[in-house]
Amino acid sequence: MNATSISRRLAGPPLACRPRTLACPGARSSALPRRTPVLVASASKSGLGDTAPAQAAPTADDAGASVSSPSMWTSDESGDDDQYLESPAVKDCVVFIDRDDQMVPILCCDYGFRSGTGRMYQDADGKLPDSALAIGWANFKTELEALRRSLRYDEFSVISKANPATGVLGKAVYAVGGGLRSLLSKLDRSLEGGGVLKTLEPPDDTDDVADVVSDCSMVQENLKKLTLSNDAVWAREHKREDQGSGVETPWVVRVVYIALCVFLDIFYDKRPIQRFWFLETVARMPYFSYISVLHLYESLGWWRAGAELRKVHFAEEWNELTHMQIMESLGGDQLWVDRFMGQHAAIVYYWILVVMYMGAPKLAYNFSELIEAHAVDTYGEFADANKDLLKTLPPPIVAAQYYSSKDLYLFQEFQTSEEGARRRPKCASLYDVFCNIRDDEGEHVKTMRACQDMSVINDLSERRRRGRMV
């Protein structure tokens, strides 16, 4: 189905979200019921409280022009000859036109803790922030309410239900954690009763909400069926190493790497999407730290031969940011404890890598290569193990924009290998998305290795020769 055929079928203004229960993209997540998905609509908010003007549905004459700037609009009516548009699961849902002028069905709802202005490629993306004090205070209030909800309504039970305690140590840890949560919950109620904290409204479980998000809930249930075997991931890694594709690294780095993997295996066991969100939140930091140090060297006049490399690292960071927002849109950041762990780990990791890069750049690249190689194994195992189910689920809009639009500038720039330069990935399902992420991580491995043996210089020179200035 191409843009010309579908454009005649789409009409009417974008879907208006119901203010009492659902928030349009850009609204504060704290206004939502706990873990209620946000319906994706093309009418996004340019800021809190002011909705951007609705876009008119494209006409047949506009269809070709929409390819250069991929369009999103909502369906208001459906015909008799198009089963896709008649499906209740996609009615009033966003449609995306890719670089080949083909319609790509995308995920109707955003399951992330934040959406709208917090998601790339939205209308308000690029809006200037307020002062650090203002946005910091606003975020503190939002996260405080989320923390209180996690304690009062026991969000931690999601983790214990996914991973029931089996051994003596596990049962002891759960017992201590449950007791601490109960104690803090009582303290919160006491402070609320004394007027120190505002009254916490219970989650809205009305039939109205269930009716609006029924299709989203079906997709969310399928997302919960996705699995990842820790043993299978390790088996892949050992097989790769046996085939001569292992990463040679000092024992100190290896110990830190194994400790990180064991933590992920334990804390995120049977919670693959949350695991991926944590990984991608942290995975952005190495490239940010490399850019920071290279920029510092340039500012001090110490070293100016890293400008092109800095550009590559920026594109790598943008790639990891896209991965992170994909996982957010799938609900990876819904729990307060996951956000707390991921965001604080990212800050600590950033400063560790800054110090490491200033002292031993090749060692920093070596550690990143080790982490990225593990990511290839993890995503590869996940995609293979869930292939059939993933193929039935549509991609999030942020994935479709990144992989399927005509503007491949930042997608191309992080890939220094000749094979990567020719990549034109498809993005028709969630299976394609995870395969693309797996391949992206493979390109990161190549770049990190090239940075260590200095072959990145030849790679960048070859790119200039091909006319792709960086």
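What share of the contacts in the protein chain with a separation of 6 or more comes from residues 24 or more positions apart? Such residues account for 78% of those contacts, where contact means heavy atoms within 4.5 Å. This is a predicted model, in which local features need pLDDT of at least 70 and side-chain atom pairs count only at pLDDT 80 or more, whereas totals for chains, interfaces and linings use all residues. Residues are numbered from 1 along each chain as its sequence is written, and side-chain values use heavy atoms, with hydrogens and water left out.

The protein chain holds 21 helices and seven strands, taken as DSSP runs (H or I of at least four residues for helices, E of at least two for strands) and numbered from the N terminus. Of its 470 residues, 51% count as buried, meaning under 20% relative accessible area, with exposed over 50% and partly exposed in between (1.4 Å probe, protein chains only).

The largest nonpolar core has 77 residues, and Phe276, Ile326, Met327, Leu330 and Phe434 have the most contacts inside it; a nonpolar core is a set of buried Ala, Val, Leu, Ile, Met, Phe, Trp, Tyr and Cys residues joined through side-chain atoms within 4.5 Å. Leaving aside neighbours within four places in sequence, Met327 is in contact with Ile273, Phe276, Trp277, Glu280, Gly332, Tyr379, Phe434 and Ile437. Another core lies apart from the largest one and has six residues, among them Phe113, Ala146, Trp336 and Val337.

Helix H11 (residues 272–283) packs against helix H14 (residues 336–359) at an angle of about 25°, with the axes 8 Å apart. Axes here are lines fitted to C-alpha atoms over the stretch in contact, and angles run from 0 to 180 degrees between N-to-C directions. H11 is therefore roughly parallel to H14, a term for angles under 35 degrees. On the H11 side the contact is made by Gln274, Trp277, Phe278, Thr281 and Val282, and on the H14 side by Asp338, Arg339, Met341, Gly342, Gln343, Ala345, Ala346 and Tyr349.

How values were computed
Angles under 35 degrees count as roughly parallel, over 145 as roughly antiparallel, 65 to 115 as roughly perpendicular and the rest as oblique.
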